[in-house]
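Student: Hi, can we go through this model together? I'd like to begin with the aromatic rings.

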Amino acid sequence: MGRPFGVPVYVAPSWFLVAILITWVFGGQIDRVLPELGAASYLVSLFFAVAFYASVLVHELAHTLAALRFKLPVRRIQLQFFGGVSEIEKEAETPGREFVLAFVGPLLSLVLSGVFYLGLLAVDPGSVPGVLLAGLMISNLIVAAFNLLPGLPLDGGRMLRAVVWKLSGKPMTGTIAAAWVGRALALSVLIGLPLLTQSGALGSDAVDNVGMDTVLDALLAAILAAIIWTGAGNSLRMARLREHLPELRARTLTRRAVPVETDTPLSEALRRANAAGARALVVVDADGVPLSLVREAAIVGVPEHRRPWVPVGGLAQDLTDGMRVSAELAGEALLDALRATPATEYLVVEETGEIYGVLSAADVERAFVKAMARPS
């Protein structure tokens, strides 16, 4: 939908479902307040749905601007079923920055609520602008209050994580605490929201809350609880991922390689590799400059009786700049390098440019899965 501050904004297909739902529900309320509008009340309601999600976008832009201010890359902003999300690719370096990064979103929603309240004072509350401004004021207040709840994946959960991180000195401890509070919050929403609605504590008449309204309340509570519970679990998994990332080192995962010229028969190249205890082949020119990597999958696909007649050059993939990685890379820097240039094998070189070996993407994946399987 655009690239504010260089960050792409996407609208998920689920947003259109929510827009229809808001238009239907809010349109009925407008029709009761302003019956003279007739069918036009649903056009007004559609405008409210778009304006509300514009407010959500502003909320997410606050997170994005704070992340960019702290030099944290933001992959994208996505507007979806229940609000929006700013996909920040790296973790804040300090608990203070994490707290600020989380707090600016609800803060801006509160500011927007105040702005809409001031606008409401200048118009007739019984007019179309008055109804719209009142709806936007209340909805932004709800967004701020909901996001301040202290459980992941909500902004309040990230603020709680920052506080526990600061007190304990361990970001993982903060994540665990905020994630379990988030799961408790999910159960509270699942059980408490329908009970509050039934009791009339949310401003409706308890006697009227039967039938379809009860089913809708329970469904809404279940969806919200599922989103919070899943988000809390994902936050834990991401924290474990970051905890184990330093274990991924190019130097320890690299296979030893032997250099061969492009016309070397595959059988001879494999004999040299076995003799040297190597598990990879690098095709070089007459001066020893690497040209390409022999793909493991291509070797497996050649029957053994044909290997003396197949030159390794026909099984190799030409090297690009992105397929050369430093032996010193580790953790997130290593994954970033592999993600920037997807390939099955990479040439690993020393800082001097000397060939160190070949890194297989499959080996990185296996090491990552093995690390994630160990307890934190």
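Student: Which ring does the charged end of Arg183 sit over?
Tutor: The ring of Trp180, with the charged end 4.6 Å from its centre. To count as sitting over a ring, NZ of Lys or CZ of Arg must be within 6 Å of the ring centre and within 35 degrees of the ring normal. Before we go on, this is a predicted model: local features need pLDDT of at least 70, side-chain atom pairs count only at pLDDT 80 or more, and totals for chains, interfaces and linings use all residues. Residues are numbered from 1 along each chain as its sequence is written, and side-chain values use heavy atoms, with hydrogens and water left out.

Student: Okay! And where does the charged end of Arg76 sit?
Tutor: Over the ring of Tyr10, at 5.7 Å from the ring centre.

Student: Are Phe52 and Tyr53 buried or exposed?
Tutor: Both are buried. Buried means under 20% relative accessible area, exposed means over 50%, and partly exposed is in between (1.4 Å probe, protein chains only). Ring pairs also link Phe52 and Tyr53 with Trp15, Phe16, Phe26 and Phe48 into a cluster.

Student: New topic. How is the chain divided into domains?
Tutor: Domain 1 covers 4-148 and domain 2 covers 250-373; such bounds come from an automatic or database domain assignment. Taken over C-alpha atoms, the domain centres are separated by 50 Å.

Student: What is the strand order in the open sheet of four strands?
Tutor: The order is β4-β5-β6-β7, and the pairing is mixed. At the edges are β4 (257-261) and β7 (316-318), each pairing on one side only. Strands (E, at least two residues) and helices (H or I, at least four) are DSSP runs numbered from the N terminus, and two strands pair if DSSP finds at least two bridges between them.

Student: In which sense do β4 and β5 pair?
Tutor: They pair in the parallel sense, over five bridges. Ala280 in β5 is the bridge partner of Ala257. By contrast, β6 (residues 290-294) and β7 are antiparallel, over three bridges, and Ser292 stands opposite Asp318 in β7.

Student: Which way do the residues of β5 point?
Tutor: Ala280, Val282 and Val284 point one way, while Leu281 and Val283 point the other way, and all are buried. In a regular strand, side chains alternate between the two faces of the sheet.

Student: Which helix lies across β4 and β5?
Tutor: Helix α9 (residues 266-276), which runs at about 150° to β4. Axes are lines fitted to C-alpha atoms, for helices over the stretch in contact, and angles run from 0 to 180 degrees between N-to-C directions. Contact means heavy atoms within 4.5 Å.

Student: What about the open sheet of three strands?
Tutor: Its order is β8-β9-β10, with mixed pairing. The edge strands are β8 (324-326) and β10 (355-360), each pairing on one side only. Strands β8 and β9 (residues 345-349) run parallel and are joined by three bridges. Helix α12 (residues 361-373) packs on this sheet and touches β9 and β10; its direction makes about 65° with that of β10.

Student: What's the phi of Phe5, then?
Tutor: Near 60°, a positive value in a residue other than glycine. Phe5 is in the segment before β1 (9-11) and is exposed, with a relative accessible area of 53%. Lys71 also has a positive phi, of about 60°, although it is not a glycine. You'll find Lys71 in the loop between α2 (40-69) and β2, and at 73% relative accessibility Lys71 counts as exposed.

Key. Phe/Tyr/Trp six-rings, centres within 6.5 Å; stacked < 30°, edge-to-face > 60°.
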